[in-house]
Amino acid sequence: MPSLKQTEQTRSWSQWKKNGEHWVWVNASAVAICLIMVIGLIGLIVVRGLGHFWVNDVQQIQLQNGTLWLGEQIDTEKSITNDAKQKSKTQILYKVGNREEYSLDFKWFDGEQIKNTTKPEWVAVIERYEWGNAYGKITNLHWQGKTYGINEPQALDNALQAVQNIREKIHTIEKNDIGRTNYQLNEIRLERKKIKADNSLNEIQKNKFYAQLYHKEKKISAHYQEIKKELDKHHKKLEEQGYVTFVLSDNKSKQINLGHIVRVYFPNQMDVVDRTLFYFEKLWEFIIEDPREANTEGGIFPAIFGTVALVMLMTLFVTPLGIITAIYLREYTRQGLIVRIIRISVNNLAGVPSIVYGVFGLGFFVYFMGGSIDELFYSFNLPSPTFGSPNMLWASLTLTLLTLPVVIVSTEEGLNRIPRAIREGSLALGSTKFEVLWRIIIPMISPSIMTGIILAIARAAGEVAPLMLVGVVKLAPDLVIDGNAPFIHLDRQFMHLGFHIFDVGFQSPNIEAAQPLVYATAALLIFIILLLNITTIIIRNNLREKYKALE
Amino acid sequence: MAAPIALTTKNWCLKYGKTEALKNLNIEIPEKKVTAFIGPSGCGKSTFLRCFNRMNDLIDNVSVEGKIMLYDEDIYDPRVDISILRQSVGLVFQKPNPFPKSIFENVAYGLRIQGKKNKTELQDTVEWALKNANLWNEVHNRLNDNSLSLSGGQQQRLVIARAIAVKPQVMLLDEPTSALDPLSTLKIEELILQLKQDYTVVIVTHNMQQAARVSDYTAFLYLGELIEFNETTKIFSTPKEKQTEDYITGRFG
Ligand SMILES: Nc1ncnc2c1ncn2[C@@H]1O[C@H](COP(=O)(O)OP(=O)(O)O)[C@@H](O)[C@H]1O
Ligand SMILES: [Mg+2]
């Protein structure tokens, strides 16, 4: 009887290969490579992007020639020289701020030029609404007519708090009251145009309406003037708060108006706890604030809002359309050549480059549909377009077309998996085909539909190219949803995180300032897509649990 | 045959495309009795059974000829509302096919299709149907559980409860126990004997003992033809046809 134990020979390479173990190893390495790439990518984005909000020490740099600079070290680079005898030179990038003085926030220094660097405790960073950061030494504070020295830090806190309060008031008035009255005035303007173009009214009727509108407008204008006065008062108060006297690294003294200051901090005095708190404060500001300074400062809230709104609207459109199409193709048509051709076409649509959808959206939705709507319903407002220009509605419909194939395909796959016995069981109880679909089949395929939606969201949230043609802009102060009736304004343009990355990264004059923001925005975009996907996946898993199909 | 007749077929023929599956069948199925269809597989038992609630309409290339009467109504009359027909002639399949919904919703399904929304009425009917299907005691405290959590035999009784909840006149059962274990089979057989008090039952089975145990009348089909139809006791004791005898005694099949 042969031994059951492995001989030396059976453990050999050929045996190993016969068992297929080399394939296991190939597969495992492929998976490992994928994982490393994904983790690397996300790691890079997260570290670079989220690292941006950490407070670094500010160094005082003394050059060989005696000049002094203040700045945050950003980057070091070794430049390779051809000359073999010469040592390779180091160059160091500092953020030196004070843009109104030096015209650039960032400056490269030769490593050899630098004599020494120190981290003095007195360095203050003043974040301003304009001109970026200022680095220097605060000598004293003039607030509401009194002068305070540096030994009274409490005074600075109080002053900044007072400024902050005034700013908040101004912000509320600008956002709410001014925004609302502007909106109302615009509505009246449109109303007037509408009456003017309405041929069914005679002169007397028109004049009556004009008089009504005039009355209304007068009231709103009066209200507007009041608000404006109030606003001017706050602005004046803000300007008159006072200023800090500030000495720059080159001993030049400046006055910085308190009203222009976002915040003041002393980085070299901060410990880890302070820095962590400060970090989250900055991160939070990045998420909830409007952008400032050509999108290189402040937050990106409108872009987050635009992205989420766009994806949700797209989901709202694509889900019913995809389901109905798939059901028609699978349940109601005869499965012949034509349906096969349609199905192949739908599948191939998924491979069309997205910019093509953008071009189509611009031509069909914006110019044709939007133009027609304007002619039919908003002709009084022409030549200025209402729906005939790129906006949220057309952008979301363009993305709907782009993602329709995935929803159709997943829904059809779901329909294919429904056992015949279930359909027959329902029909045998006297339900019509529609009732079977509505009561049994659609609930049962809901997990497949959700899979389609997950794929659609993943694809749509990452698209930028088509959006540039059908509605995205670099700065859109008004959100698509606000407090003015009818609350949802799909005729507005919007900001988008993907486009924001492109705009800040490649259209901005201030490259060094923009770079970390590109990473931070990318990290946020990934995070939002993840959040949207996780939400839908949770919904899908719940549905799956509920409608476990017969086996 | 003293009992009134529930279902009558006259010169009934059915073709799948060009192949004749049922040939000139004439049968009278008595009311409130159990009638069994037996015969070797592929002889057309299921096809015939599904004619009684027009399930064959779903298949594209089926053509039929002849007449089937439910009492005095021609069920293939173009004016017949198929939904109403299928509610009065219920069908239970070989493999239990509960919907992936709760036990309650499965039984209430036919009622909801009829547009009934009254909660107490639904609850009463569901309870009544489950009791009639001998399932109430096992599930009354978990009516909201998913029906797929039941065992195969329970699922089959649930499907029967679902069919009787709409109060049909005829129950068609297509090999209802062939996918079940012996104990569940026994329970279903008991249920069938109980059902015939209120319903006309037609059952397809390939199990001779089962036919003998539960049915009052037996029809033997062979290659799409009705060879013999008589009281079960007579078919099993003194078959008139040679083919019937051969099949019953297991000489072929
Ligand atoms: N959908 C169909 N299309 C074509 N032929 C069918 C179809 N269903 C059944 N048949 C044929 O009809 C005959 C009877 O089938 P069936 O009624 O299922 O037999 P049984 O239930 O007695 O085993 C068989 O020969 C079968 O191949
Ligand atoms: Mg059969």
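Which residues form one aromatic cluster with F360(A)? In this predicted model, the cluster consists of F360(A), F364(A), F365(A), F368(A), F387(A) and W394(A). A search of the whole structure finds 24 aromatic pairs over all chains. In one of them, the rings of F53(A) and Y279(A) have their centres 6.4 Å apart and their planes at 75°, so the pair is edge-to-face. This pair links distant parts of the chain, since F53(A) lies in the loop between α2 (21-51) and β1 (59-63) of chain A, whereas Y279(A), 226 residues apart from it, belongs to helix α6 (residues 272-288) of chain A. F53(A) is buried, with a relative accessible area of 6%, and Y279(A) is buried as well, at 12%. An edge-to-face arrangement is also assigned to F360(A) and F365(A), because their planes stand at 80°, with ring centres 6.2 Å apart; here F360(A) is partly exposed at 39% relative accessible area, while F365(A) counts as buried at 7%.

Turning to the interface, 24 residues of chain B are in contact with 24 residues of chain A. The area buried between the two chains is about 1900 Å², of which carbon and sulfur atoms give 61%, and P100(B), Y109(B) and I113(B) supply 28% of the area that chain B buries against chain A, more than any other three residues.

Terms used
Residues are numbered from 1 along each chain as its sequence is written. Chains are lettered from A and ligands numbered from 1 in the order in which they are written. This is a predicted model: local features need pLDDT of at least 70, side-chain atom pairs count only at pLDDT 80 or more; totals for chains, interfaces and linings use all residues. Side-chain values use heavy atoms; hydrogens and water are left out. Contact means heavy atoms within 4.5 Å. Buried area is the accessible area (1.4 Å probe) that two parts lose on being put together, summed over both. Rings of Phe, Tyr and Trp (its six-membered ring) pair if their centres lie within 6.5 Å; planes under 30 degrees apart count as stacked, over 60 as edge-to-face and the rest as tilted. Helices (H or I, at least four residues) and strands (E, at least two) are DSSP runs, numbered from the N terminus. Buried means under 20% relative accessible area, exposed over 50%, partly exposed in between (1.4 Å probe, protein chains only).
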